[in-house]
Amino acid sequence: MPTGDSDHQPDAADRHDNHGDDRGHGHGHGHGHGHGHGHGHGHGHGHGHGHGHGHGHGHEEGFDWEAMADSIELDGVMVLPLVADVLAELGELLHWSQVGHVLDVGSGPGVVTAALAQHAAYAQVTAVDSSPQMLARAETRLRADRRVSRRVRTIAADLDDELPALEPAHVIWASMVLHHVADPVAALRRLYRRLVPGGVLVLIEFAGPPAVLPPDDPTLLAGSWARLEEAAAVMIRERLGLDPWRLDWPAMLAEAGFVDTKERNRAAFHAAPLAEQARRWIVKHINRGLQMVGDRIPAADLGPLQDLADSALARRDLFVRAERRVLITRRALD
Ligand SMILES: C[S@@+](CC[C@H](N)C(=O)[O-])C[C@H]1O[C@@H](n2cnc3c(N)ncnc32)[C@H](O)[C@@H]1O
């Protein structure tokens, strides 16, 4: 599977998320909060955003966790080429054969956890998530994978609290989760203490919108795709009560004690003609987007976007380029 890296530095202010990733984590969605608790306090480290959201712990009434988990699973599959690139690069910082414990926090349904466990071939791998539904998916997936089943475990825990006692980790992977926590610096400090000295944290967060259409596609040229992505990004900001594209992760990592932080935008690229899973991701992505933004985009955009969703399984010219902000950082050597 070809992958692409964009070498430009992230410019979070002007970028918008692949909102598909974040349509499925159980926040708000207009029908209440997971445990009924909202975090009303700001981070207190300069970016000035209070959190008005509670965490999706799977208790939302009427919340279709099964459908959401399907989406998050597909999102995970779409970024696997990027995960492979990062894992290969980490080989410059550590010896995978000596990695004894990998912690995947906010693991969701375990797609990336499985990839981590396959790569860290001798490691115990722990998937942590606050959603029992997500963890049940992860369990099923990881148990079924004979390459990893004996070395993985799942733990239900909230990153806003102290994690249960675990052996120290050589690698912690935190993908598309830390913008959910009430106090990211406090959560990062707790994760720092879970690493061995010199251990590595990989933080993956929002970057630019996904691209799927060839340059001459009328839906792209008319601006409908961009308006859908922009409207979905606005809704994500509203739901989170902060702007996840503008979070100053390097500053927060430094405040939490991490050293040697390197940041880069990376992309996972799936070339045309797409495999069926990638086509299904496009269909879901557009349908979720249309559901989310409702009448926030011009009515004239709805038809072409729905046509795109309806034709995506048959089209041979669509590709997927999904972008993420990737920060690689370490616990200092004691
Ligand atoms: C968008 S999914 C990311 C899944 C996976 N890491 C990936 O990148 O494919 C976010 C996950 O974080 C979990 N989550 C959200 N807030 C959390 C918290 N405070 N503590 C632990 N997990 C949390 C959600 O339940 C969800 O499974």
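Guide: Buried means under 20% relative accessible area, exposed over 50%, and partly exposed in between, with a 1.4 Å probe and protein chains only. One caution: this is a predicted model, where local features need pLDDT of at least 70 and side-chain atom pairs count only at pLDDT 80 or more, while totals for chains, interfaces and linings use all residues. Residues are numbered from 1 along each chain as its sequence is written, and side-chain values use heavy atoms, with hydrogens and water left out.

Visitor: Which side chain does D243 meet in a salt bridge?

Guide: A salt bridge is a side-chain nitrogen of Lys or Arg within 4 Å of a carboxyl oxygen of Asp or Glu. For D243 the partner is R237, at 3.2 Å from N to O. The structure holds 20 salt bridges, and those that share partners join D70, E73, R137 and R141 into one network.

Visitor: In the salt bridge of R147 with D145, is R147 buried or exposed?

Guide: R147 counts as exposed because its relative accessibility is 57%. D145, though, is buried at 11%. Their closest N and O atoms are 3.1 Å apart.

Visitor: Which parts does the pair R193 and E162 tie together?

Guide: Helices (H or I, at least four residues) and strands (E, at least two) are DSSP runs, numbered from the N terminus. The side chains of R193 and E162 meet in a salt bridge at 3.5 Å, N to O. R193 lies in helix α5 (residues 184-194) and E162 in the loop between β4 (152-156) and β5 (169-175), so the pair links parts 31 residues apart in sequence. E162 is partly exposed, at 45%.

Visitor: Now the ligand. How many residues surround the ligand?

Guide: Here a residue is near a molecule if one of its heavy atoms lies within 4 Å of it. That gives 17 residues, the closest being G106, D129, D158, L159 and S175.
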